[in-house]
Amino acid sequence: MTDVEIVDVPDDARWEARLGDVVTGFADYRREGAVVEFTHAEVQPEYEGRGIAGAIARTSLDAARAAGLRVIAGCPFYAGWIAQHPDYQDLLAES
């Protein structure tokens, strides 16, 4: 989906996928120091199956890496996505 824009909204502690003015999906997070925990991800039902959740995960994890953050995959979607993408497993914080 090339028209979808993924943006961080720090005031709401979430990443959003936007198609124009429509929020098609989001991922909530909690940040403490150098650790960010992704707690919940959701895509609106009418936009499911278009790769939006994966785009949110990739963009947010790339941003975490660029900021030098460790990641806690508290959300089952993030845990599964990272498990399927080994190049992101090094971001995981020690449990």
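Predicted model: local features only at pLDDT ≥ 70, side-chain atom pairs only at ≥ 80, totals over all residues.
## Hairpin of strands 1 and 2

Strand 1 spans residues 5-9 and strand 2 spans residues 14-19; the two pair in the antiparallel sense over 5 bridges. Within this pairing, E5 stands opposite R18 of strand 2. The two strands form a hairpin with 4 residues between them. A13, in the turn, has a positive phi of about 50°.

## R14

R14 belongs to strand 2. Its side chain makes a polar contact of 2.8 Å with the side chain of E16. The charged end of R14 also sits over the ring of F26, 4.4 Å from the ring centre.

With residues up to four places away in sequence not counted, R14 touches V7, D8 and V9, and also V23, F26, A27, D28 and Y29.

## Nonpolar core

The largest nonpolar core has 23 residues. Those with the most contacts inside this core are V36, F38, I52, I56, L61, V71 and Y78. At least two core residues come from each of strand 2, strand 3 (22-32), strand 4 (35-43), helix 1 (52-66) and helix 2 (76-84). Helix 1 gives the most, with 5 residues.

As a general background, nonpolar side chains in soluble globular proteins tend to be buried together.

## Aromatic pairs

The count of aromatic pairs comes to 4. F38 and Y78 form one that is stacked, with 4.3 Å from centre to centre and 5° between the planes. F38 lies in strand 4 and Y78 in helix 2, so this pair ties together parts that are 40 residues apart in sequence.

F38 has a relative accessible area of 1% and Y78 has a relative accessibility of 1%, so both are under the 20% cut-off and count as buried. F38 and Y78 are also members of one aromatic cluster, together with Y29 and F77.

## L91

L91 is found in the segment after helix 2. L91 has a relative accessible area of 3%; because this is under 20%, the residue counts as buried.

The C-alpha atoms of L91 and R70 are separated by 5.2 Å, although the two residues are 21 residues apart along the chain. Leaving aside neighbours within four places in sequence, L91 is in contact with L61, R65, L69, R70 and V71. Among these contacts, L61 and V71 are also listed with the residues that have the most contacts inside the largest nonpolar core.

Technical notes: Residues numbered from 1 in each chain as written. Heavy atoms only, no water. Pairing = 2+ DSSP bridges. Core = buried A, V, L, I, M, F, W, Y, C linked by side-chain atoms within 4.5 Å. Buried < 20%, exposed > 50% of the residue type's maximum accessible area, 1.4 Å probe, protein only. Contact = heavy atoms within 4.5 Å. Polar contact = N/O pair within 3.5 Å; in protein donor to acceptor, adjacent residues only side chain to side chain. Phe/Tyr/Trp six-rings, centres within 6.5 Å; stacked < 30°, edge-to-face > 60°. Lys NZ or Arg CZ within 6 Å of the ring centre and 35° of its normal.
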